[in-house]
Amino acid sequence: MQKVGIMGGTFNPIHNGHIRLAKCAYETLKLDKVFFMPSGNSYLKKNVLDAKHRVAMTQAAIVDCPNFELSLVEVEREGNTYTYDTLQRMTAKHPDTDYYFILGADSLLYIDKWKEPEIIFALCTLVCAVRDDSDMNVLRNKGEELAKLGAKIVYLNMDKVDISSTAIREGVRLGSDISDMVPCKVLDYINQEHLYEED
């Protein structure tokens, strides 16, 4: 069985926190590879940057990481994209693969509000790292709740990464230095395309 990580998100923009989380999951769980999967039409977020820019930034961020691959599964689908549907399609196409869905603590705390969470739990192992102000006790309590719904969860032991896409967009708008938050090729793309300079 292949072990494949899925790093999903709007990536608006992708940043160093995403890369560090994916690398930690890859190394800790000895994954064969990690798919970086920009979302298509998210039913949870509005006013998201056009997919072509988010895809280009994601590709730029991982181009030097041989074990990371860009996946356009969600971007190329019409209509809203749902994680459960993505996992069903991928599992049907590659039944010999174990999927590990990598997410931050903030996402784990409300994943049971996503569409069809039981299907998500049945088709992958959740891989969670502490992020933001969530502590491990809160996460484990939530994990016990989710386990009753069938969730399998692996907790990553990694330092908190105080980077968010929201802060990056605000930094660009204010003319602040964001070079320590994003890969250099992503910064080049943001500057080249004049992204996030206005609300």
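This is a predicted model: local features need pLDDT of at least 70, side-chain atom pairs count only at pLDDT 80 or more; totals for chains, interfaces and linings use all residues.

Student: Why is His-53 called buried?

Tutor: Its relative accessibility is 11%. Buried means under 20%, so His-53 counts as buried.

Student: What makes the pair His-53 and Tyr-189 a polar contact?

Tutor: The side chains of the two residues are joined at 2.7 Å. The limit for such a pair of N or O atoms is 3.5 Å, and 2.7 Å is within it.

Student: Which residues does His-53 touch, leaving aside those up to four places away in sequence?

Tutor: His-53 touches Tyr-189, Glu-193 and Leu-195. Contact here means heavy atoms within 4.5 Å.

Student: Why is the pair Lys-33 and Glu-69 called a salt bridge?

Tutor: The closest N and O atoms of Lys-33 and Glu-69 are 3.6 Å apart. A side-chain nitrogen of Lys within 4 Å of a carboxyl oxygen of Glu qualifies, so the pair is a salt bridge. Lys-33 belongs to strand S2 (residues 33–38) and Glu-69 to strand S4 (residues 68–70), so the bridge ties together parts that are 36 residues apart in sequence.

Student: How do you know whether Lys-33 and Glu-69 are buried, partly exposed or exposed?

Tutor: Lys-33 has a relative accessibility of 19%, so it counts as buried, the cut-off being under 20%. Glu-69 has 34% and counts as partly exposed, because that class lies between the 20% and 50% limits.

Student: How many salt bridges does the rule give in total?

Tutor: The count comes to eight.

Student: What makes Asp-112 part of a salt-bridge network?

Tutor: Asp-112 forms a salt bridge with Lys-142, with the closest N and O atoms 3.0 Å apart. Asp-112 lies in the loop between helix H4 (105–108) and helix H5 (117–123), and Lys-142 in helix H6 (residues 136–147), so this pair ties together parts that are 30 residues apart in sequence. Through shared partners, salt bridges join Asp-112, Lys-113, Lys-142 and Glu-145 into one network. Within it, the side chains of Asp-112 and Lys-113 meet at 3.7 Å, N to O, and the limit is 4 Å.

Student: Which residues of helix H3 are buried, and what do they pack against?

Tutor: In helix H3 (residues 83–93) the buried residues are Thr-83, Tyr-84, Asp-85, Thr-86, Leu-87 and Met-90. They pack against strand S1 (2–9), S2, strand S5 (80–81), strand S6 (97–104) and H5.

Student: Turning to the whole chain, why is it called as compact as a globular protein of its length?

Tutor: The secondary structure comes to eight helices and eight strands. The radius of gyration is 16 Å, close to the 16 Å that the globule rule gives for 199 residues, so the chain is as compact as a globular protein of that length. Buried residues make up 48% of the 199 residues. Of the contacts with a separation of 6 or more, 76% come from residues 24 or more positions apart.

Technical notes. Residues are numbered from 1 along each chain as its sequence is written. Side-chain values use heavy atoms; hydrogens and water are left out. Buried means under 20% relative accessible area, exposed over 50%, partly exposed in between (1.4 Å probe, protein chains only). A polar contact is a pair of N or O atoms within 3.5 Å; within protein, one must be able to donate a hydrogen and the other to accept it, and residues adjacent in sequence count only if both atoms are side-chain atoms. Helices (H or I, at least four residues) and strands (E, at least two) are DSSP runs, numbered from the N terminus. The radius of gyration is taken over C-alpha atoms; the globule rule is 2.2 Å times the number of residues to the power 0.38.
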